[in-house]
Amino acid sequence: PSNAEILIDYSDSTPIEKIIFLHKVGILNYLKKISPFNLTTNKLAEYLSAITGENASTLQSYINPIFNSTAGQKNNPLNSNSAVKKVSNKLSDMGFSDKNTN
């Protein structure tokens, strides 16, 4: 028997889950501190569309309410308890603890 680590593929994650993953590990907060992403959510959404394969306008509608409390919260992925729980469980399975993030 091999001691090789089993590689689990999460490439079927939904766009909402992808944003939650990026938020939970601190990548969204990190990117929002550097130019040009600190200037506009649109630039951040454009960048993330390149690396996630998701539509920039879809990502923008998910990211904006995370950073802008006055924006409509209907699309805020952090309000989707089932998606947040699913991502938290996947991160936990990977060995990541999100106790210091929200």
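Me: How far apart are the mean positions of the positive and negative charges of the protein chain?
Reply: This is a predicted model, where local features need pLDDT of at least 70, side-chain atom pairs count only at pLDDT 80 or more, and totals for chains, interfaces and linings use all residues. Residues are numbered from 1 along each chain as its sequence is written, and side-chain values use heavy atoms, with hydrogens and water left out. Lys and Arg count as positive, Asp and Glu as negative, and His and the chain ends are not counted; a charge is placed at NZ of Lys, CZ of Arg, CG of Asp or CD of Glu. For the 10 positive and 8 negative charges, the mean positions are apart by 9 Å.

Me: Which elements does the protein chain have, from the N terminus on?
Reply: Helices (H or I, at least four residues) and strands (E, at least two) are DSSP runs, numbered from the N terminus. The protein chain has five helices and zero strands. The order is therefore α-α-α-α-α.

Me: What percentage of the residues in the protein chain is buried?
Reply: Buried means under 20% relative accessible area, exposed over 50%, and partly exposed in between, with a 1.4 Å probe and protein chains only. Of the 102 residues, the buried share is 34%.

Me: Which residues does the cis peptide bond join?
Reply: Most peptide bonds are trans. Here omega is about 5°. Pro36 is in the loop between helix H2 (27-31) and helix H3 (41-52). The cis bond joins Ser35 and Pro36.

Me: Why is Phe96 classed as it is by accessibility?
Reply: Phe96 lies in the segment after helix H5 (81-94). Because its relative accessibility is 30%, Phe96 counts as partly exposed.
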